[in-house]
Amino acid sequence: MSSMIRNPVYMLYERMLKAQVLAGAPVEHVAIIQDGNRRYARRKGLSQFLGHSLGAETSERVSEWCLELGVRHLTLYAFSTENFSRDESEKGYLFDLIKEKFNDLRRSKKTHNNRVRVRAIGRLEMLPDDLREEIRLTEEATRDYSRMYLNVALAYGGQRELVDAACSLARLVVEGKVRARDLDESLIAQHLYPQDGTPVPKVDLIIRTAGDFRTSNFLPWQANGNECAAYFCAPFWPEFRKIDFLRAIRTAQTRVSCQ
């Protein structure tokens, strides 16, 4: 990929795409299903663990691209509830890698200089204690920031999110703190992940890599009812390029301009 990035034609095309995107309508919330780490590793003859590490590097680059383009919310699907069925060695590696990345985010000057608020969304109680503590420390260190929100979906399932929100609201109704007739979309959104007073907003664009055409139970509430664009592309996540990201943003902007 490095040779392609140095290619003058590639660089010119990237600059052209970026200029088009910056001149278009703002895209506030991008959600990404980071698919293909293991398949990329197999194709390259690498260990699946290295595939996950290379995917994590792509996630870091995408966060930087969002800052460049003024994207205010980036939500990354890092570990689903279904991923708990993977073998113990892979899960252990993933949890250690995620913990390391949260630690890096907390200590990074980029995080603090750009005032990036980092949050985890999902059934965090299912995660190992040491990872949960790292998440807590990073969330606490960035809780006052709001230039950009980086939401990392861990132990996440979209249907489970809706069930948990319904249970939370039902308890409030039983306790007399909320009247059933007052339930509306805004109140439900406040009880989705994370329940910290700043809900994940409606999604403008969902990206899925690695050639699969599914949204896999990702942010069903936030991605429906608001003309969310979907962009499916062939590259595996570790080889996802800036031009792929810019094309996806341009697709979302086209939908906005047609409304």
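Student: How many salt bridges does the structure hold?

Tutor: In general, side chains of opposite charge can pair when their charged atoms come close. This is a predicted model, and the structure holds 24 salt bridges.

Student: Which residue forms a salt bridge with E175, and how far apart are the closest N and O atoms?

Tutor: The partner of E175 is K177, with the closest N and O atoms 3.4 Å apart. E175 counts as partly exposed, at 48% relative accessibility. K177 is exposed, since its relative accessible area is 60% and the exposed class begins over 50%.

Student: Which residue does R208 meet in a salt bridge?

Tutor: The side chain of R208 meets that of D212, at 3.6 Å from N to O. R208 is buried, with a relative accessible area of 4%, whereas D212 is partly exposed at 23% relative accessibility.

Student: Where do D244 and R247 lie?

Tutor: An α-helix has 3.6 residues a turn, so residues three or four places apart point the same way. D244 and R247 both belong to helix α11 (residues 242-258) and are 3 residues apart, about one turn of the helix. Their side chains meet in a salt bridge of 3.8 Å, N to O. D244 is buried at 2% relative accessibility, while R247 is partly exposed with a relative accessible area of 24%. Elsewhere, salt bridges with shared partners link D35, R39, R208, D212 and R214 into one network.

Student: Do β3 and β4 run parallel or antiparallel, and how many bridges join them?

Tutor: They run parallel, and 6 bridges join β3 to strand β4, which spans residues 148-156.

Student: Is T75 buried or exposed?

Tutor: T75, a residue of strand β2 (residues 73-80), has 0% relative accessibility and therefore counts as buried. Its side chain makes a polar contact of 2.8 Å with the side chain of H29. Beyond residues up to four places away in sequence, T75 touches H29, V30, A31, I32, I121, N151, V200, F218 and L219.

Student: Where does Q34 lie, and is it buried or exposed?

Tutor: Q34 is found in the loop between β1 (29-33) and α3 (37-44). It counts as buried because its relative accessibility is 16% and the limit for the buried class is under 20%.

Student: Which residues is Q34 in contact with?

Tutor: Setting aside neighbours within four places in sequence, Q34 is in contact with S59, L76, Y77, A78, T209 and W237. Two of these involve polar atoms of the Q34 side chain: one lies 3.1 Å from the backbone oxygen of Y77, and a polar contact of 3.4 Å reaches the side chain of W237. By comparison along the chain, L22 is 12 residues from Q34, and their C-alpha atoms are separated by 24 Å.

Student: How many disulfides does the count come to?

Tutor: A disulfide is a covalent bond between the sulfur atoms of two cysteines. With a cut-off of 2.5 Å between the sulfur atoms, the count comes to 0 disulfides. C233, for example, is in no disulfide: the nearest cysteine sulfur, that of C66, is 14 Å away. C233 is buried, with a relative accessible area of 8%, whereas C167 is partly exposed at 37%.

Conventions:
Residues are numbered from 1 along each chain as its sequence is written. This is a predicted model: local features need pLDDT of at least 70, side-chain atom pairs count only at pLDDT 80 or more; totals for chains, interfaces and linings use all residues. Side-chain values use heavy atoms; hydrogens and water are left out. Buried means under 20% relative accessible area, exposed over 50%, partly exposed in between (1.4 Å probe, protein chains only). Two strands pair if DSSP finds at least two bridges between them. Helices (H or I, at least four residues) and strands (E, at least two) are DSSP runs, numbered from the N terminus. A polar contact is a pair of N or O atoms within 3.5 Å; within protein, one must be able to donate a hydrogen and the other to accept it, and residues adjacent in sequence count only if both atoms are side-chain atoms. Contact means heavy atoms within 4.5 Å. A salt bridge is a side-chain nitrogen of Lys or Arg within 4 Å of a carboxyl oxygen of Asp or Glu.
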